[in-house]
Amino acid sequence: MDLNEFFRMGGYAGYVWTSYGLTALVLLLNWSAARRCESQEQDSARRRSGTD
Amino acid sequence: MRRAATTAAANLVFRRDLTLAWRRWDEVAQPLIFYVVVTTLFPLATTPDLSQLRVISGGVVWVAALLASLLALESLFRSDVEDGTMEQWVLSGQPLGWLLLAKVASHWVLTGLPLVIMSPVVGTALGLPFDAWGALVASLLLGTATLSILGGIGAALTVGVRRGSVLLSLLVLPLAMPLLIFGSRAVGMAMDGESPAGPLQLLAAIFFLTLSLGPLAMSAAIRISVEN
Amino acid sequence: MWLWFHKFASPPHAYRLLGTLAPWFGWPALATILLATWWGLVKAPADYQQGDAFRILYVHAPSAWMSMFIYVVMAIAAAVGLIWRIKLAHAAAAAAAPIGASFTFLALATGSIWGKPMWGTWWVWDARLTSELILLFLYLGYMALRSSFDDPQRADRASAVLAIVGVINVPIIHYSVEWWTTLHQPASVTKIDKPSIAIAMLYPLFIMILGFQLYFGWAISRRLRGEILRRERNASWLKEGR
């Protein structure tokens with residue numbers, strides 16, 4: 001399949017790519033938020049046990 | 001013997017609240033006035049033409065009733081929690097759900113019922129035809145009663161929260177949307193000459209479901225809010 | 001069996017277990033989602049009526065599914081926490097909420113975007129989208145109630161009551177909205193007789209749902225670990241080192 005044809009998505013490029021892009025964004029944001037949630041707490045726990 | 005005590009206690013609560021409200025009449029009148037004011041907003045915002053207003057009249061009356069009820073619900077448990085009465089009730093050994101239901105019932109008589117009575121007047125001002133009065137009153141009767149219990153759950157959850165009135169509305173409104181859908185649709189169907197029995201029956205079903213499960217949720221919520 | 005359950009529910013054990021489990025969710029999630037994306041964008045044929053715009057289904061429907069699935073999980077966790085007083089369950093509900101809300105937002109956004117080529121407008125008040133919107137309100141209300149309490153125990157238990165009330169209402173809300181309008185395409189995936197979409201076009205949908213589920217498993221494991229650490233702040237097992 002021609003790559004240009006693929007990106008055009010039969011004329012619906014804007015809709016399809018925005019949707020998939022939003023999906024990727026939401027998944028990425030949740031990914032980084034989940035990691036941050038865990039590591040922030042790990043850091044503060046480490047700090048607290050260090051000052052004992 | 002225990003059952004008689006509970007009924008007596010519930011009765012006492014009911015009558016006490018009505019008596020207290022009698023002395024603070026303006027507090028009771030405020031939701032009603034709000035109701036009329038909000039309803040007035042819609043023609044001002046759209047058109048004075050009654051034939052156009054008629055189309056949305058059922059919905060507008062319902063939304064105004066919803067908002068006015070929510071406004072009144074915020075203070076449902078507040079004073080009793082603040083002065084320690086609620087704690088007494090929790091500790092009293094009486095089934096808390098019944099006492100809370102009695103409180104909700106008196107609250108409905110003071111706020112919900114006036115709205116229902118006022119609704120044909122307000123509806124007519126928006127072009128609602130006489131044929132739809134029955135559906136309007138019936139749907140609001142069931143709807144405001146259900147809303148009082150739902151609002152009671154919300155009020156119990158937010159009673160300790162600072163400026164909890166907006167939060168209360170946020171919590172209760174999504175739960176009240178089915179009521180709004182069925183209620184205003186019943187009025188709409190009556191206006192179109194169809195029988196509103198379907199949505200009215202659904203409203204009744206929701207009311208009975210809420211009546212049976214609501215007090216359980218309310219007492220759980222009150223215990224959480226009051227216990228230390 | 002109960003002994004195992006209580007052992008699992010103990011914070012240090014849960015913390016370790018979730019840490020081990022997370023990559024077993026995470027990597028398969030990534031692989032599955034990529035596979036589903038490729039399948040949906042490349043391999044699957046375009047729809048006869050909607051053309052390539054149809055491919056939006058492969059992210060919209062799984063998001064909608066997850067939004068509802070997570071809400072139910074959240075409500076069950078909250079109920080477990082409330083009834084059996086298991087703090088870990090409350091923590092799980094708290095961890096699940098933002099993930100569920102994100103999927104709800106995504107379902108709404110992709111549904112709205114898909115609506116433009118399908119129905120010509122950016123928004124329609126059809127049953128599915130309206131239900132998703134109300135679900136978003138329920139999520140937001142839950143998170144708002146949680147954050148309005150200073151006392152974490154009170155926050156846990158009050159929001160648990162709300163979640164349970166909410167989940168009981170969800171079928172009522174669904175039914176009422178459904179009754180209110182029927183513009184959206186009927187549930188073509190779950191129709192009992194011949195589905196109106198060819199099976200070949202459904203594979204990426206199911207794979208994506210699997211991918212999202214695995215993703216949820218990973219995300220909630222990580223978040224729950226963070227929650228556990230925060231709640232167990234002063235516990236001895238933490239001070240002794242992990």
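## Close-up views of a predicted three-chain model

**View 1. Chain C at a glance.** Chain C has eight helices and zero strands, where helices (H or I, at least four residues) and strands (E, at least two) are DSSP runs numbered from the N terminus. Read from the N terminus, the order of elements in chain C is α-α-α-α-α-α-α-α. This is a predicted model, in which local features need pLDDT of at least 70, side-chain atom pairs count only at pLDDT 80 or more, and totals for chains, interfaces and linings use all residues. Of the 242 residues in chain C, 45% are buried; a residue is buried if 20 or more other C-beta atoms lie within 10 Å of its own, exposed if 12 or fewer, and partly exposed in between, with C-beta atoms placed from the backbone. Among contacts in chain C between residues at least 6 apart in sequence, 76% link residues at least 24 apart. Here and below, two residues are in contact if their C-beta atoms, placed from the backbone, lie within 7 Å.

View 2. The pLDDT is the predictor's confidence in each residue, from 0 to 100. Chain C averages 87, and 88% of the residues score at least 70. Among the elements of chain C, the lowest mean pLDDT, 66, belongs to helix 1 (residues 2-8), and the highest, 96, to helix 3 (residues 57-84). Please look with care at residues 182-195 of chain C, where the pLDDT is below 50 and the stretch has twelve contacts in the model beyond near neighbours in sequence. Where pLDDT is low, the predicted coordinates should not be read in detail. Chain B averages a pLDDT of 90, with 98% of the residues at 70 or above. In chain B, confidence is lowest in helix 1 (residues 2-23), at a mean of 81, and highest in helix 7 (residues 133-158), at 96. For the complex, the predictor gives an ipTM of 0.89 and a pTM of 0.90.

**View 3. Helix 2 against helix 7 in chain C.** The axes of helix 2 (residues 11-43) and helix 7 (residues 203-231) of chain C come within 7 Å and cross at roughly 155°. Axes are lines fitted to C-alpha atoms, for helices over the stretch in contact, and angles run from 0 to 180 degrees between N-to-C directions. That angle makes helix 2 of chain C roughly antiparallel to helix 7 of chain C; angles under 35 degrees count as roughly parallel, over 145 as roughly antiparallel, 65 to 115 as roughly perpendicular and the rest as oblique. The crossing of these two helices of chain C is left-handed, meaning that the near helix is turned anticlockwise from the far one by less than a right angle, with clockwise being right-handed. By class, the contact of helix 2 with helix 7 of chain C has 23 nonpolar, seven polar and two charged residues. In this scheme Ala, Val, Leu, Ile, Met, Phe, Trp, Tyr, Cys and Pro count as nonpolar, Asp, Glu, Lys and Arg as charged, and the others, Gly among them, as polar.

**View 4. Leu41(C) in helix 2 of chain C.** Leu41(C) lies in helix 2 of chain C. Leu41(C) counts as partly exposed because it has 17 C-beta neighbours inside 10 Å.

**View 5. Chain C meets chain A.** Here 28 residues of chain C are in contact with 23 residues of chain A. Helix 4 (87-119), helix 7 and helix 8 (236-239) of chain C each supply at least two residues of this side of chain C. Helix 4 of chain C gives the largest share, nine residues. By class, the side of chain C that touches chain A has 14 nonpolar, six polar and eight charged residues. Among the two pairs of chains that touch, chains A and C have the most contacts.

**View 6. Chain C meets chain B.** This contact takes 18 residues from chain C and 18 residues from chain B. Helix 5 (127-147) and helix 6 (152-180) of chain C are the elements that give two or more residues to the side of chain C that touches chain B. Helix 6 of chain C gives the most, with eleven residues. The side of chain C that touches chain B divides into twelve nonpolar, four polar and two charged residues. No contact joins chain A and chain B, whose closest C-alpha atoms lie 25 Å apart.

Technical notes: Residues numbered from 1 in each chain as written. Chains lettered and ligands numbered in written order.
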